[in-house]
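User: I'd like to learn how to read a few features off a model. Could you walk me through them, general idea and then the case?

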Amino acid sequence: IGGDPQDKKFEGERTDLVIGDGNTIREFVTISRGTANGGGTTRIGDDNWLLAYVHIAHDCRVGSHCVFSNNATLAGHVEIGDHVILSGFVGVHQFCRIGAHAFIGMGAMVNGDVPPFVLVAQDGYGHPRSINSEGLRRGGFDGERIAAIKRAYRALYLSGANLADARGQLAALAHDSPDVRALLDFIDSGERPLLR
C-alpha cells in the first residue's frame, strides 16, 4: 500500500496516497500512489471493503461505501462513485468512470464509462444488463426513485435511440428526478465513450 506507481513516466517525484476512515483492506491488496502527470494523488474514500488481491493503480479516485471483491483491478486514472460493487475478477480500463450505485458482475472487463445505478454483466467485455435494483433497495431508494431510474435506463439502453436522442429523453426525465439528473450529469461530464 502506497508503493510507487506502475507508470514508466514516474521518476521518483513525491506523490501521495490518501485513504479515508473505516476501510477494510485485506491481504495482498496493492494501492499505488499518484503520478505527477495525473494530479499526484490516489484517493480512497471511507468505509470501503477491498478484498484479497484487489489492485488500485495510480491516480484513481474511489468513493465511499464500495465493495471490491477478490482480484478486482483498476487501471490508472479510474474514478469510482460511492456505493459501487465490483465483483471478483473485474477489470476496469484506464480513465474509465463508474457512477454511484453501479454493480459490475464477476469477470466483466469495463472499457467505457458506466453510468450511476447500472448493472454490468460479463460477456467478453462487460455490457449493461439492467439497473442495480437490489443495491438501490438496500441503499434505501424507494419505489418511486427506482421507477424513475428504470425509465432512464430504458431510454438510454433499450429504446434503440442513438446517444444524442437518448440524452434528450433523459433530459426530459431529469426534470422530475434528481437521480436521473445525476445520471445525465455523469454522461455529460465524460471523456471516454459510454459503455452501451
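Predicted model: local features only at pLDDT ≥ 70, side-chain atom pairs only at ≥ 80, totals over all residues.

User: Which residues of α3 are buried?

Analyst: The general idea first: an α-helix has 3.6 residues a turn, so residues three or four places apart point the same way. In α3, the buried ones are Ala-166, Leu-170 and Ala-174 (buried is under 20% relative accessible area, exposed over 50%, partly exposed in between, with a 1.4 Å probe and protein chains only). Those three cover an arc of only 85° around the axis, which puts them on the same side of α3; the arc is taken from the directions from the helix axis to the C-beta atoms. Their cover includes α2 (143–158) and α4 (178–188).

User: How do I read the aromatic pairs, and how many are there?

Analyst: A pair of aromatic rings is described by the distance of the centres and the angle of the planes. Rings of Phe, Tyr and Trp (its six-membered ring) pair if their centres lie within 6.5 Å; planes under 30 degrees apart are stacked, over 60 edge-to-face, and the rest tilted. The whole structure has 3 such pairs. One of them, Phe-117 with Phe-141, is edge-to-face, at 5.9 Å centre to centre and 70° between the planes. Phe-117 lies in the loop between β15 and β16 (118–121) and Phe-141 in the loop between α1 (133–138) and α2, so this pair ties together parts 24 residues apart in sequence. Both Phe-117 and Phe-141 are buried.

User: What about Tyr-153 and Tyr-157?

Analyst: That pair is tilted, with 4.8 Å centre to centre and 35° between the planes. Being 4 residues apart in helix α2, Tyr-153 and Tyr-157 are separated by about one helical turn. Tyr-153 counts as buried at 8% relative accessibility, and Tyr-157 does too at 17%.

User: Now sheets. What is the strand order in the open sheet of 5 strands?

Analyst: Strands of a sheet pair through backbone hydrogen bonds, either parallel or antiparallel. Here the order is β3-β6-β9-β12-β15, with parallel pairing; two strands pair if DSSP finds at least two bridges between them. β3 (30–31) and β15 (109–110) stand at the edges with a single partner strand each, so one side of each has no neighbour in the sheet. Between β3 and β6 (residues 55–56) there are 2 bridges, and Thr-30 stands opposite His-55.

User: Where do I find antiparallel pairing?

Analyst: Look at β16 and β17 (residues 127–131), which pair that way over 4 bridges. Val-120 has Pro-128 as its bridge partner in β17. Val-120 in β16 is also the bridge partner of Ile-104, and strand β14 (residues 103–104) runs parallel to β16, joined by 2 bridges.

How values were computed: Residues numbered from 1 in each chain as written. Heavy atoms only, no water. Contact = heavy atoms within 4.5 Å.
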